[in-house]
Amino acid sequence: MSIQRIVGLLLMLFSTSMLTPIIVGAVYSDSTWQSFLFSFAITIIIGFVAWYPVKEIKKELKLRDGFMVVALFWVVLGSFGAIPFFYANETDMSITDSIFESISGLTTTGATVITGLDYLPKSILYYRQQLQWLGGMGIIVLAVAILPMLGVGGMQLYKAETPGPIKDNKLTPRITETAKALWYVYLSFTIICALSYYLAGMNAFDALSHSFSTVAIGGFSTHDTSIGYFDNNAIEIIAIIFMFIAGVNFSLHFFAWQNKNLTHYLQDHEFRTYFKIILILSIIVIALLYRFDNQNHQNFITGLFHAVSIATTTGFTTSDFATWPGALPILLILASFIGGSAGSTAGGIKVIRILLIYKQAVREIKRLVHPNAEIPVKVGREPVSNRVVDAVWGFFSIYLIVFAFMLLAMMITGLDHTTAFSAVAATINNLGPGLGEISSGFSNVPEGAKWIAIAGMLLGRLEIFTLLVLITPTFWRH
Amino acid sequence: MKILILGAGQVGSSAAEQLSREESNDVTVVDNRADILDELQDRLDIRTVCGHASHPDVIKKAGGEDSDIVIALTDSDETNMLACQIASTIFDINTKIARIRSAAYMHSKNLFTKDAIPVDVRLSPEKLVCEHIEQLIQYPGALQVLEFGNGQAKLVAAKVSHEGLLVGQKISALKEHIPNTEGRIAAIYRDGQPLLPDGDTIIRADDEVFFIAAKKDIRAFMTEMRKIESPVRRVLIAGGGHIGVRLASALEKTNQVKIIEHDPVRAKLISEKLDDSIVLVGDASDQELLSEEDVDNVDVFCSLTNSEEANILSAMLAKKMGAKKVISLLKRPSYADLVEAGTIDIAISPKEITISSLLAYIRGGDVVKVHSLRRGAAEAIEAIAHEEKGKSAVVGKTIDNINLPQGCSIITIVRGTEVIIAHHDTVIEKDDHVILFVTDKSKIADLEEIFRKA
């Protein structure tokens, strides 16, 4: 009951996000306002109907309910977010395609089934970017920030939605304040990013739209050729910087902002590892590009751009990296498995987990040499409890199992090996672009593969367990 | 208010729970047991920091620099004192509260001053529990006694028995039974559920009635609820710990006190400390010993050992053997619920008593006293009505016209030496002590606001 109340409430909150595209539409005199108004009406009415009969029930949310609300909400929201795509005449999309586009937006994946973005009405384009922006920091974190009545339940929702293995380090004593702080940081980056794009030469609409999908590590663009459309080094460098920033744990940004001090970053071992991974990857990509591909004289920036874009799971492109020589395409796709830091807007397994798995492997090696030694797993100088290490291993194995099953399922729908592999990686890591048939989008893959991709995107965004726990008997046996 | 709680033990956790429920408080809890903090963080909207409570870097991490209050509630007196010292010296925190158990510290003069160990408020659970039991012994039949307006008005909880004069009658009949007294029934708990009484409510046997009255009228009210009990003469205390000894020395001049202690060495020590009490060496659950010491003639049996299970069992045994009233010290509130329905008359929770007095200090300002009633289901608050430049949200108004938050009601006013029972047309005057009943704790902050503006 309290679940129904909260989902209803959140749905009403979400419905207001369909009003801004109407304003955008008015500015650019699009004819799409009806479909947005219609979607808004449906969403708010259904939200109200769900909320009204149970509005007086104020039972505290338990941890179990938190999973339920978050999973339910992402699924419900993805579906309601699809309504404008489905109803707008200009897009002419099936239900599957609409839901795919909506979920891809909210989960900050950035895979698209639309071709001919450049000819779509501005309001629809804006709506896609906005979906990514809302999904980036987490729409539930936003709800926690502005709906104080969630109370302690807010913590349960926050825990179920925020990525990363250690979720108990609140920035402030109150969860509402923590959520607000995160959104303030997020909002500030978005504004700075939009201004930088604008100054580098984008028009106001593109600057705002791309800042949304950059800071959210989304990857949606308003052009078919993504950032490549602008063919502008300054824009690419700005994108690189903000993608990198958005892949850092937002708690670090918060502390830096609060203490007016940047040393926090260097003291944080996840950040250092994240930085090293991106650096080494960029060097390899650039070196291989120089060695094997001499047609493009912007190898340096192109290499750096793709290394950052794919490793942070953003998915912006300036050229078709699927056709790059040698190991490059697969190398980049594999990098997206690592993804960004915990507590960032990026997807993937997260750097901290990879770091812990590596440390655990080192520990096993040391144990072989010194069988009686007591060797803690440490990040920096802080020992990590075995409970966390276990959870990381559990996560890692379930990630691989889910990946394998989805890969097989994709191939059953008729995709070839490369396409299927990259399609699963692109969705479960919330990356976006893939190889083979999907290098220019998911528009040509079979219906079934699209649904598998939708599931993959949700699993990836909610870090698998939040969704998976709902289908286990343990969860329901109470 | 930013509150830093050091120590997540029973009192620390409870204090965090109560304080974080009020929206205006930001609570951070420090402890060195990560598992307890995890559990706490799951339940409450607070921040937790794992580490040693008196280490400066831990306090810094817990936001010591902009905290307003530090409450040191760890198990160690020394850690608590040191933490307050550090909070004062390094972080310049304004209010420092510490739990200090050891009487040796409490009694030393000039120790807790600004330039020695700056602890503003020292909580001694033993002292508080002791005072609580003394009150109960002073008013036989009472389950809880709270003082307001410097002790002029008292709020008493009592269980109604069949012999009570008011049983089966409406509350309005009270006026005819005992004219010329000022007092009223503030709340009734029936089968564990609160009931908001009005003049037509009929009192039944086994109701738990909270009434407030002037000090001199308490006895008259008590006879309305239950058969008058003769004043306590003989007290038997089981457990010669700090609380037991303290209680014995407080009561031994007016009552006949016996105290049972199982450790011969300790028994010898306390027998030297006490003047008129009889110290018995033995086990409090030893039937032979109890019957030899005439437990059937005892007015009050208090089991105050460190083991709550032993307290329950020895109290049950004493009751069965004929003790008139048994009081038992219990740490867990769930046990209190269990046993109070059965053979044990009163369960005393040091945790609850400590928290009551802790909250009173924190809420400070014009709210001078906050008491949790019977396991925290409701609170009674005493606030002073001030007036500033003729402006006030309460002074000069009738009770009807005061905009109180929901779930709050004014029950009594103490004006000078007079206790006035609040009616809807009573006008509040400057410097009145207003006593309120609050059933919804989240409203306490609003209430403070009303009286602060005053």
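This is a predicted model: local features need pLDDT of at least 70, side-chain atom pairs count only at pLDDT 80 or more; totals for chains, interfaces and linings use all residues.
Local features require pLDDT of at least 70 and side-chain atom pairs pLDDT 80 or more, while totals for chains, interfaces and linings use all residues. Residues are numbered from 1 along each chain as its sequence is written, and chains are lettered from A and ligands numbered from 1 in the order in which they are written.

**View 1. Burial of strand β16(B), residues 325-329.** Five of the five residues of β16(B) are buried (20 or more other C-beta atoms within 10 Å of the residue's own, with C-beta atoms placed from the backbone). K325(B), I327(B) and L329(B) lie on one side, and V326(B) and S328(B) on the other. Strands are DSSP runs of E of at least two residues, and helices runs of H or I of at least four, numbered from the N terminus.

**View 2. Parallel partners of β16(B).** Four bridges link β16(B) to β15(B), residues 300-303; strands count as paired if DSSP finds at least two bridges between them. V326(B) is the bridge partner of F301(B).

**View 3. The β-α-β unit of β15(B), α12(B) and β16(B).** Helix α12(B) spans residues 308-320, and the unit is right-handed (with the strands pointing away from the viewer, the path from the first strand over the helix to the second runs clockwise).

**View 4. An open antiparallel sheet of five strands in chain B.** The strand order is β7-β8-β11-β9-β10. β7(B) (142-148) and β10(B) (193-195) each have a single partner strand, so one side of each lacks a neighbour in the sheet. β9(B), residues 183-190, pairs with β10(B) over three bridges, and Y189(B) stands opposite P194(B).

Definitions and conventions. A residue is buried if 20 or more other C-beta atoms lie within 10 Å of its own, exposed if 12 or fewer, and partly exposed in between; C-beta atoms are placed from the backbone.
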